[in-house]
Each structure stands twice: as structure tokens, then as C-alpha cells.
Amino acid sequence: MGVEIEVLDDPARACAAMLVGAAAAGDDIVLTGGSTPRRAYAEFVDAVKAVDADLSGARFWFGDERCVGADDERSNFRLANESLFLPLGDRASPEIHRMRGELGPEAGAEDYERQLAEAGIPEFDLLMLGIGPDGHTASLFPDQPTVRERDRLVVGVPEAGLEPFVPRISFTFAAIARAKNVVVLATGESKAQPIAAAFGSGARSDPHVPSSYLRECARELIVLVDPAAAACLPGRTADA
Ligand code: 6PG
């Protein structure tokens with residue numbers, strides 16, 4: 001699988017444009033968590049309002065969640081709700097499928113697999129991911145057995161490999177492989193090393209760098225980074 005890497009001053013805006021196109025087309029979109037997406041979600045809302053897009057046919061899913069309540073500050077749903085869903089107001093509210101972190105990792109994973117089955121999801125149209133400084137993506141952490149899971153679509157993660165150290169619910173690479181388009185959004189120097197380890201010319205699939213599996217399992221993969229996150233890619237420096 002080829003990887004398209006775009007080094008941009010404002011990768012969040014490019015990501016938002018992809019989200020607008022997918023949402024306006026009534027697609028199935030998988031959101032990611034952490035802190036990086038906040039800016040992309042805000043840009044998405046601005047772009048939707050600017051073109052008065054109708055999002056009524058879109059369905060939003062989540063690629064991972066922390067096992068906390070929906071209003072907990074660590075919740076990925078809360079991030080999306082605050083920065084994306086609520087600011088959209090009643091603008092043709094899309095269908096939202098929340099991972100129920102409050103059920104705990106295993107019950108929450110089973111519940112989400114049921115949600116996917118009930119929706120008859122054969123594939124997703126656009127799947128967003130971030131990358132951690134340790135090379136994790138979604139909540140697939142280095143050297144954990146979940147990295148190799150290819151039968152289940154959603155798994156419980158009893159121990160997170162990075163803060164917040166709460167159990168998680170996560171898509172597996174089998175679920176990620178069901179996306180027509182995968183977009184990784186990463187900014188800042190702390191992502192430079194994992195970006196190079198996962199997507200650089202010499203990168204190989206390595207359970208110690210879970211994001212490195214994206215090259216083999218994503219059908220179409222675009223990596224949107226700022227110059228700082230691209231600094232360790234061959235031929236680049238942080239200020240290039
Ligand atoms: C999560 C995310 C996770 C995130 C990376 C990067 O639940 O934490 O889904 O995979 O994308 O940890 O997080 P930042 O954007 O905060 O650096």
C-alpha cells in the first residue's frame with residue numbers, strides 16, 4: 001500500500017476539508033480522540049457553516065474511547081461533542097454512535113461490535129487516526145496482543161500504554177482495514193520519531209510501533225503532518 005504524506009503548515013484544515021466532503025456525502029466517518037483533532041473539528045464546523053452543508057445522511061463513529069463517562073474530561077466523545085457536535089447545533093444532525101466507555105473495556109467493545117453489526121457496516125468511508133509519541137494509534141499500544149488481533153473489529157484494552165492510564169475500547173487493524181480512506185493527523189515534534197518509524201521509507205511493520213501496520217492494512221492512506229512532525233522523515237528538517 002502506498003502512503004501519501006502531506007507536510008502542511010495547517011494539516012488540521014486539510015483534515016477538516018476531508019471531513020466536510022465525507023459528511024456532506026452522507027458517509028460513515030470514524031473520529032479519533034486525543035488533543036490534536038480539536039483544531040480539525042473546529043475547522044470542520046466552520047467549513048460546514050460556511051457552505052451550509054447538509055449532514056443529515058452522515059454517520060459518525062469512534063475509533064477508540066477511554067473507559068470513562070461521556071462527560072469525563074478524558075472522554076474522546078466529550079472532545080468531539082464539545083468541538084464538533086454541539087457547535088453544529090441542530091444543523092441536520094448526523095447519526096452519532098458513541099463507544100460506551102462506562103461499560104468497561106470488554107463489555108464496551110462487545111457493545112460497539114453490536115452497534116456496528118446492527119448498522120450493517122461493511123466498511124467506513126473515512127477513518128481518522130492520530131499517533132502517539134510511542135507510535136500507538138487508536139488505543140493499540142506497543143507490544144500489546146491487541147496489535148495482532150485480526151478477527152475482532154473492536155477490543156477491550158485493560159491497560160493503556162500512555163496517559164490517561166485508564167482502560168480503553170479500540171478498533172483493531174481489522175476494523176481499520178474496512179475503511180476506504182484512512183487519514184492520520186499529527187503535529188508537533190513529539191510525533192516526528194513515530195511518524196518516521198511508521199511511514200518513513202525504511203519503515204517496516206513492527207508490533208513495537210503499532211502505527212507501522214497502517215501501511216499494510218489501510219486501503220488508501222494519507223498522512224497529514226506539520227513540518228515539526230515531519231522532521232525525522234528522510235530529507236526533512238523541522239524548519240523545512
Ligand atoms: C486517544 C487517541 C489516541 C491519539 C493519540 C495522539 O484516545 O488517546 O485516540 O490514539 O490519537 O494518543 O493523541 P494527541 O492528539 O493528544 O497527541
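Rings of Phe, Tyr and Trp (its six-membered ring) pair if their centres lie within 6.5 Å; planes under 30 degrees apart count as stacked, over 60 as edge-to-face and the rest as tilted. By that rule, a search of the whole structure finds ten aromatic pairs. The model is predicted, so local features need pLDDT of at least 70 and side-chain atom pairs pLDDT 80 or more, while totals for chains, interfaces and linings use all residues. Residues are numbered from 1 along each chain as its sequence is written, and side-chain values use heavy atoms, without hydrogens or water.

**Aromatic rings**
- Tryptophan 61 and tyrosine 112 have ring centres 6.0 Å apart and planes at 80°, so this pair is edge-to-face.
- Tryptophan 61 lies in strand β3 and tyrosine 112 in helix α4 (residues 105-118), so the pair ties together parts 51 residues apart in sequence.
- Helices (H or I, at least four residues) and strands (E, at least two) are DSSP runs, numbered from the N terminus.
- Tryptophan 61 and tyrosine 112 are both buried (under 20% relative accessible area, with a 1.4 Å probe and protein chains only).
- Ring pairs also link Phe44, Phe60, Phe62, Phe77 and Phe85 into a cluster.

**The sheet**
- Seven strands form an open, parallel sheet in the order β1-β10-β9-β6-β2-β3-β5; strands pair if DSSP finds at least two bridges between them.
- β1 (3-7) and β5 (95-96) stand at the edges with a single partner strand each, so one side of each lacks a neighbour in the sheet.
- β2 (residues 28-31) and β3 (residues 59-62) pair in the parallel sense over four bridges.
- Valine 30 stands opposite tryptophan 61 in β3.

Note on methods: Buried < 20%, exposed > 50% of the residue type's maximum accessible area, 1.4 Å probe, protein only.
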